[in-house]
Amino acid sequence: MSTGARKPPPQIALKIRRILGGKAGWNGVAVQFAFAAVLGWIGYEIVSNARANLENQHIAAGFGFLRNNAGFDVNQTLIPYTGSDTFLRVFVVGLLNTLVVSVVGIVFATVIGFIVALCRLSPNWLLSRVGEIYVEVIRNLPLLFQILFWYLAVLAALPNPRQSISLLGITFISNRGLVIPRPVGESGLEPFLAMLALGIVGSLALRFYARRALFRQGRMVRIWPYVLGLLFGLPLVTMLVSGLPLSFEMPQLKGFNFAGGSRIIPEFVALTVALSTYTAAFIAEIVRAGILSVHKGQMEAGSSLGLSRGATLRLIVVPQAMRVIVPPLTNQYLNLTKNSSLAVAIGYPDLVSVFAGTSLSQTGQAIEIIAMTMGIYLLISLLTSAVMSVYGWRVSRSLGA
Amino acid sequence: MKRVTLALTLALAAGLSAEAADAQTLKTVKDRGMLSCGVSQGLPGFSSPDDKGNWTGIDVDVCRAIAGAIFNDPTKVKYVPLSAKDRFTALQSGEIDVLSRNTTWTISRDTSLGANFTGVTYYDGQGFMVKKSLKVNSALELNSASVCVQTGTTTEQNLADYFKANNMKYEVIAFATNDETVKAYEAGRCDVFTTDQSGLYANRLKLAKPNDHMVLPEIISKEPLGPMVRHGDDQWFDIVKWTLFAMITAEELGVTSKNVDEKAKLENPELKRVLGSDGNFGEQLGLTKDWVVRIVKAVGNYGEVFDRNVGAGSPLAINRGLNNLWNKGGLQYAPPIR
């Protein structure tokens, strides 16, 4: 029998044992590996079975179709696209359309949601009732119905392009959408942008300096006149020197439609309005719950310091409420993104519509296309969650919690 | 715990290694006692339900004829309404036995979908419909127009080709279903509605004021519409193919749903062959000797089907045109039954 000191077991092996095996030790590890192997085998079976069956039925398989010519057009493209581009480009076009409607929808939903929540919490009887009615009506009606309502309501209310409503003769509203002058970059654009960037950086530096002065030395530094000068004065002077940065291409009625100018299609408007008002109703409830979760003593403390109601909310209550608000808010952002796939009902060319819809029926390659679409939605959702987690972590950290 | 995992694994393995549904569609249909037939979600003249829920139309009559040939009862059909973009997936997955849904025969659909076209029930071509108030007389005047179209159709691609070939700009708004497309056109979202010309006439009837709209004269494509079946079951392919040929042959020989019993008694060698008192062609198909009689009794001959659904006897009143028999100036032609 050896009397020497026992060697400590190797750390890595111990760690693996603890993570995988739990209380069962090495036996547990074996079970986990067996389980992983079985899962892998099942996955392999599913894939090879599907492949064999597709082969048997002579259904085309693989991702080669992505290089083929799509042959159909899309009415809203953020990148140049024509019918002779590939299915891969259709995928990107659809993805960008989904992203733009999601991002715009999330911004509006958040703003409307906060406003409605503050209305509901307001001591003003009328405001709080209006907020309550908004939430109860909007969140209790099916979203698809609301999308169709906005689409058909928008379309029915608007005239055809030949009788479009003109705003100052440069912007036109009709049932083809909103047509605005399109900005075209001129020679003055680059110096203008450079000066604007310089102004923004300068302002941020000033703000940093002012905050330091406040926290370190208790001095209030008045910076807003300098910020104004940097943000507006500097670019204005540049414009005087190097000429206008932009010119505008005016929309003109030609034949059936407007030629020139940029256009926002009514499908986009209807979808954004429906998604953001609907999600806002849920966000309002989340924000209200978050604010109510902050003890009312905080509010009283704020007013006893002489802060206005708005300042108390902004400086004391909302930062604490954010801790409660952020996780369910993330859920609502994810819901909004996923709900944007209802676009197909009103002909908005989102990812599901142009890729999982049109491209699928043109190529018949359901498995590949659905897998790609699911994968990209998963990726968008995971990225959104990750960003929101980081934000939530920063909020908690700044409160010292 | 281990035993449970093992049992689960075995069960999954058994489930997965079972082969895909075997190819005997006829047997499956007979066992089920019903033909499962994929149709449109409502296109008058081709497949649409009436106010009592009974389906009618040319495409529906193809289903009824197949059911008639198999069961001697044309009502034994389960209709599965499908959007343009879901139709092929439904056929591939085995949800339906035959797709009879105004589907254009193209090489890519015939080769890459794992399915085959069995024939042409209706020779069509793509056209345009506009409001009369636009004062447009030709499709070539449609530069910069907005066009409503149903997504996942050959129409969508022909549209892109046509405007590109003629150097015209346009805006496309694509909807998932026919009804959504028509509704958007009616709401003024677009100037033009495009689909197969028969579909234009059919959809015009759905509009509030059909006479305010006109179909432009141009036909910009070939759209041979026909039924589809899955690859890998030649017997079933033959049955669906010859059901249509039987309807055309019956019209050629003047056999109608009214006189089929008398014709069957005549001593004409061709009639005897076709109507089953001579030879056993029906049995070779896996059906009965009197298969043509059953089909004609179920739906009538091709001419009767055409007239009742889209032709003179229907609100659509479409001319026979290309769909007339080959010996009357059209394209409908059936190989001989002998």
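The model is predicted, so local features need pLDDT of at least 70 and side-chain atom pairs count only at pLDDT 80 or more, while totals for chains, interfaces and linings use all residues. Residues are numbered from 1 along each chain as its sequence is written, and chains are lettered from A and ligands numbered from 1 in the order in which they are written.

**Stop 1: chain A**

Select chain A and display its secondary structure, which comes to 12 helices and 8 strands. Helices (H or I, at least four residues) and strands (E, at least two) are DSSP runs, numbered from the N terminus. The C-alpha trace of chain A spans about 95 × 70 × 50 Å along its principal axes. Its radius of gyration, taken over C-alpha atoms, is 29 Å, whereas a compact globule of 401 residues would have a value near 21 Å. The globule rule used here is 2.2 Å times the number of residues to the power 0.38.

Buried residues make up 30% of the 401 residues in chain A. A residue is buried if 20 or more other C-beta atoms, placed from the backbone, lie within 10 Å of its own, exposed if 12 or fewer, and partly exposed in between. Of the contacts in chain A with a separation of 6 or more, 67% are between residues 24 or more positions apart. Two residues are in contact if their C-beta atoms, placed from the backbone, lie within 7 Å.

**Stop 2: chain B**

Now select chain B, where 14 helices and 14 strands are found. Chain B has a radius of gyration of 22 Å, close to the 20 Å that the globule rule gives for 338 residues, so it is as compact as a globular protein of that length. The C-alpha trace of chain B spans about 75 × 60 × 40 Å along its principal axes. Of the 338 residues of chain B, 50% count as buried.

**Stop 3: where the chains touch**

Display both chains together; 40 residues from chain A and 39 residues from chain B take part in the contact. On the side of chain A, the elements that give two or more residues are helix H2 (26–56), helix H5 (143–157), strand E7 (257–259) and helix H11 (351–363). The largest share, 9 residues, comes from H2(A).

**Stop 4: a sheet in chain A**

Return to chain A, in which 4 strands form an open, antiparallel sheet in the order E1-E2-E3-E8. Strands pair if DSSP finds at least two bridges between them. Strand E1 (165–167) and strand E8 (262–264) of chain A stand at the edges with a single partner strand each, so one side of each is left without a neighbour in the sheet. Next, select strand E3 (residues 177–180) of chain A, which 3 bridges join to E8(A) in an antiparallel arrangement. Within E8(A), A:Arg263 stands opposite A:Val179.

**Stop 5: two residues of chain B**

Select B:Asn167, in the loop between helix H6 (154–165) and strand E10 (170–175) of chain B. B:Asn167 is not a glycine, yet it has a positive phi of about 60°. B:Asn167 is exposed, with 7 other C-beta atoms within 10 Å.

Finally, select B:Ala317, in the segment after helix H14 (302–309) of chain B. B:Ala317 has a positive phi of about 50° although it is not a glycine. B:Ala317 counts as exposed, with 11 C-beta neighbours inside 10 Å.
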